[in-house]
Amino acid sequence: MATDADPLHPYWPRHLRLDNFVPNDYPTWHLLAGLFSASGILVMTTWLLSGHAAVIPLGTWRRLSLCWFAVCGFIHMVIEGWFSLYHEDLVGDQAFLSQLWKEYAKGDSRYLLNDNFMISMETITACLWGPFSIWVVVAFLRQQPLRFVLQLVVSVGQIYGDVLYFLTEYQNGFQHGELGHPLYFWFYFVFMNALWLVLPGILVLDSVKQLTRAQTLLDNKTTKAKGKQS
């Protein structure tokens, strides 16, 4: 949709027509401070919990990975879950989470356009990877046998969704944000999403290493048992 009048919104492409758009009344710093404060509190809580509630003591790396999954659970279920439920109302809504999405949309306006891919991807992320991220935390605290399988599944799912997210915008010519803008493009669009490529990538390698080691031990035991029988 296009209009010849000057746009009354900060989104790209500039000819977008956003009916019923209401500008945020929270400043950018307020929205980002709220997001990062909540994430920080969750990290500290998970760090303390992993030090006291684990069945066996966990190393620093493992405790940090649980902090990551706790934050993932929060972002996937609460923030992305909000988008999944209220994506049709974000443009004119002034709830805190709606304003947070309107702020992020300055780097990717697809979130305000009822884009079918974004709705589908975020709904899957909220309904699957959110609860599964919390399950990963519980699984490691309780030493459940499935813990590395869960870590692998969630991490691969996150990478897959993120790759599609970047590729679809690349195919659109990066038209939904101001290309090269230090905050909206490099921080919101590139950096914040690249985290879900780099960290899950490391966790995939960790899962493969642990599962390979477990399978090797099982194979060795099986070989020794067969040797004794013969």
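Tutor: A surface patch is built from residues with over 30% relative accessible area and no salt bridge, like charges being joined within 9 Å and nonpolar side chains (Val, Leu, Ile, Met, Phe, Trp, Tyr) within 5 Å. A salt bridge places a side-chain nitrogen of Lys or Arg within 4 Å of a carboxyl oxygen of Asp or Glu. Accessible areas follow the Shrake-Rupley method with a 1.4 Å probe, and for residues only the protein chains shown count as cover. The model is predicted: local features need pLDDT of at least 70, side-chain atom pairs count only at pLDDT 80 or more, and totals for chains, interfaces and linings use all residues. Residues are numbered from 1 along each chain as its sequence is written, and side-chain values use heavy atoms, leaving out hydrogens and water.

Student: Which residues form the nonpolar patch on the surface?

Tutor: Met77, Val78, Ile134, Trp135, Val138, Leu146, Val149, Val153 and Leu211 form it, with about 650 Å² of accessible area together. Two or more residues each come from helices H2 (60-86), H4 (116-141) and H5 (147-171), helices being DSSP runs (H or I, at least four residues) numbered from the N terminus. H4 gives the largest share, 3 residues.

Student: How many residues of helix H3 are buried?

Tutor: Buried means under 20% relative accessible area, exposed over 50%, and partly exposed in between (1.4 Å probe, protein chains only). In H3 (residues 96-104), 8 of the 9 residues are buried, so this helix is largely enclosed by the rest of the structure. Among them are Leu97, Trp101 and Tyr104. By contrast, Val78 in helix H2 is partly exposed, at 38%.
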